[in-house]
Amino acid sequence: MSTPERLRVGRGSWPADGLGGTVAPAADGTGTAAGPGRCYGVGAGEHPPAGSADGDILAVRSAVIAISRALNWHGGPGTPVPTGGAFTAQTRAALVAFQTALQPTINRDMYLPAGEHNPAGFVNKETAYALFMPIADRYALKYTVPRGLLRGITTIESNWDPGAVGYYTNSDFGLCQWNTTLPDVTTARALDPFWALDSTARMMRERFDSDRWGRNWFYVIAAHNVPTWAAQWAQGQLSDVNPADKPKLDRMRGYVSNVLARVW
């Protein structure tokens, strides 16, 4: 019996096909866009390619707002920038100033493969890390959770793409991929990096303080993926000898291992 092929329903993170309206930098280095691509830059969200779902388009436009708010949070030359959802020349100028003055210091301890560096005036992984990681660290400190675990969860969930949409489940949005079928989790909240990082750190603290997850960060990490299974695991209710439990344990162990491999 063959396994049904899983189909893409959301843009995922940093999609090369630019679903939702992310752009590719022009090769001439002028800071202009050259069609669909992985980056946020001038014009992002304005011309989404065919196949972009409404959720993809909303996510990209919300990501531009998130980038603008993050630039204003950091401060620096050219800020404040408008937060209405347009990536303008003013946004680009403030971004270039941030990339020049602050990004090298924030990212100094990170290893970035050559393919994850991005040109000046565009946001891809390199600049997204620098924009949003200090905000994540602030919330980790607020709730006294290990900052590396919050970083690791965000890396696994979205690779720091503020406009990420679940590749296979299009109800997951934003940096921490909050699921909008949960009570009180709206799409707008999930795509708000301040709400998402604050809520993730707070939930981690609450779960660690609860006997349900064994007061153990190992199970708290797993709970961000599947909270009910993580609670069963923490309570010793799952067993490798039970065929029905093994897929659950394999999934959670894989998730935890992937998060811990991205802690720094």
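Does Asn 159 count as buried or exposed?

Reply: Asn 159 counts as buried, because its relative accessibility is 18%; buried means under 20% relative accessible area, exposed over 50%, and partly exposed in between, with a 1.4 Å probe and protein chains only. The model is predicted, so local features need pLDDT of at least 70 and side-chain atom pairs count only at pLDDT 80 or more, whereas totals for chains, interfaces and linings use all residues. Residues are numbered from 1 along each chain as its sequence is written, and side-chain values use heavy atoms, with hydrogens and water left out.

Asn 159 lies in the loop between H5 and strand S3 (172–173). Helices (H or I, at least four residues) and strands (E, at least two) are DSSP runs numbered from the N terminus. Although Asn 159 is not a glycine, its phi is positive, at about 55 degrees. Trp 14 is likewise a non-glycine residue with a positive phi, of about 50 degrees. Trp 14 sits in the segment before strand S1 (23–25) and counts as buried because its relative accessibility is 2%.

Helix H5 covers residues 147–158, and its axis comes within 11 Å of that of helix H8 (residues 217–225), with a crossing of roughly 30 degrees. Axes are lines fitted to C-alpha atoms, for helices over the stretch in contact, and angles run from 0 to 180 degrees between N-to-C directions. H5 and H8 are therefore roughly parallel, the term for angles under 35 degrees; over 145 is roughly antiparallel, 65 to 115 roughly perpendicular and the rest oblique. Where H5 and H8 meet, Leu 149, Ile 153 and Glu 157 of H5 are in contact with Trp 217, Ile 221 and His 224 of H8; contact means heavy atoms within 4.5 Å. By class, this contact comprises four nonpolar residues, one polar and one charged. Ala, Val, Leu, Ile, Met, Phe, Trp, Tyr, Cys and Pro count as nonpolar, Asp, Glu, Lys and Arg as charged, and the others, Gly among them, as polar.

As for the whole, the protein chain holds 10 helices and four strands. From the N terminus on, these elements run β-β-α-α-α-α-α-β-β-α-α-α-α-α. Buried residues make up 51% of the 264 residues. Along the principal axes, the C-alpha atoms fill a box of roughly 60 × 45 × 35 Å.
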